[in-house]
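Keep the sequence and the 3D view open as you read.

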Amino acid sequence: NNISSIEFECELTEIRDAMFEDCLGLTRVVVPEGVESIGREAFRGCKALTSVTLPASLRRIGAMAFRACKAMSHIDLPEGLEVIDEEAFDYCTHLTELTVPSTIRQIGNKAFYNCDRMMQLVVKTQQPPTAAEKINDNLKKIVLKVPAGAAQAYGSATGWNKFRNIQEE
């Protein structure tokens, strides 16, 4: 609970499951280049976490990895990220906007559930990534922004077709 900042000085390829779960004082994390996956519940319950820097090497964010990181209002997801597992950002109640990179292939069930303040989700890939039926629980208010010419594809794809407001960039 006394850890407030983490900046790794060693070579890593993964942040293991539950590695920093419930570190209540943690406010800042810099994940080093070379890390390809963030494990299940790795930062779950880090309620004070406001700053997360992710590397270009990251390919997967595990299930519930950032669940209940309630202070996090912004996170940059790097190009190269391919998978966001189920409930990865569930209960990130201060997250207002999120941009998903063009390399994403799959978004898990309830990945952005209970993100009560989310107003905009930007997805950079032309073809809709595979998504669960339930991505978020408040799709009436969230604007889904997609690449030019992609609105029809998103409007008919599983999970994405639940969004009420799909706009092309």
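In this predicted model, Thr-93 sits in the loop that runs between strand 7 (83-84) and strand 8 (97-100). Is Thr-93 buried or exposed? Its relative accessibility is 17%, so Thr-93 counts as buried, because buried means under 20% relative accessible area. If we set aside neighbours within four places in sequence, Thr-93 is in contact with Lys-70, Asn-114, Asp-116 and Arg-117.

Now for the charged residues. Side chains of opposite charge can pair when their charged atoms come close. How many salt bridges does the structure hold? The count is 10. Here are some of them, with the distance between N and O atoms.

| Salt bridge | N to O distance |
|---|---|
| Arg-40 and Glu-86 | 3.9 Å |
| Arg-60 and Asp-85 | 2.8 Å |
| Lys-124 and Glu-169 | 3.9 Å |

Start with the salt bridge between Arg-40 and Glu-86. This pair links distant parts of the chain, 46 residues apart: Arg-40 is in the loop between strand 4 (37-38) and strand 5 (51-53), while Glu-86 is in the loop between strand 7 and strand 8. Arg-40 has 39% relative accessibility and counts as partly exposed. Glu-86 counts as partly exposed too, at 33%.

Next come Arg-60 and Asp-85, whose side chains meet in a salt bridge. Arg-60 belongs to strand 6 (residues 60-61) and Asp-85 to the loop between strand 7 and strand 8, so the pair ties together parts that lie 25 residues apart in sequence. Arg-60 is partly exposed, with a relative accessible area of 34%, whereas Asp-85 counts as buried at 11% relative accessibility.

The last pair in the table is the salt bridge of Lys-124 with Glu-169. Lys-124 lies in the loop between strand 10 (120-123) and strand 11 (130-131), and Glu-169 lies in the segment after strand 13 (165-168), so this pair ties together parts that are 45 residues apart in sequence. Lys-124 is partly exposed, at 40% relative accessibility. Salt bridges can also join up: Arg-67, Glu-87 and Asp-90 are linked in a network of them.

What about the cysteines? A search of the whole structure finds zero disulfides. Cys-23 counts as buried, at 12% relative accessibility. For Cys-115, the closest cysteine sulfur is in Cys-92, 5.3 Å away and again too far for a bond. Cys-115 is buried, with a relative accessible area of 1%.

Finally, let's look inside. In soluble globular proteins, nonpolar side chains tend to be buried together. The largest nonpolar core here has 52 residues, and Phe-43, Phe-66, Phe-89, Phe-112 and Trp-160 touch the most other members. Strand 8, strand 10, strand 12 (143-146) and helix 1 (151-156) each supply at least two residues of this core.

Which residues does Phe-66 contact, leaving aside neighbours within four places in sequence? Among them are Ile-38, Phe-43, Leu-49, Val-52, Leu-54 and Ile-61. The list also includes Met-72, Ile-75, Ala-88, Phe-89, Asp-90 and Cys-92. Asp-90 is a member of the salt-bridge network with Arg-67 and Glu-87 as well.

Definitions and conventions: Residues are numbered from 1 along each chain as its sequence is written. This is a predicted model: local features need pLDDT of at least 70, side-chain atom pairs count only at pLDDT 80 or more; totals for chains, interfaces and linings use all residues. Side-chain values use heavy atoms; hydrogens and water are left out. Helices (H or I, at least four residues) and strands (E, at least two) are DSSP runs, numbered from the N terminus. Buried means under 20% relative accessible area, exposed over 50%, partly exposed in between (1.4 Å probe, protein chains only). Contact means heavy atoms within 4.5 Å. A salt bridge is a side-chain nitrogen of Lys or Arg within 4 Å of a carboxyl oxygen of Asp or Glu. A disulfide is a pair of cysteine sulfur atoms within 2.5 Å. A nonpolar core is a set of buried Ala, Val, Leu, Ile, Met, Phe, Trp, Tyr and Cys residues joined through side-chain atoms within 4.5 Å.
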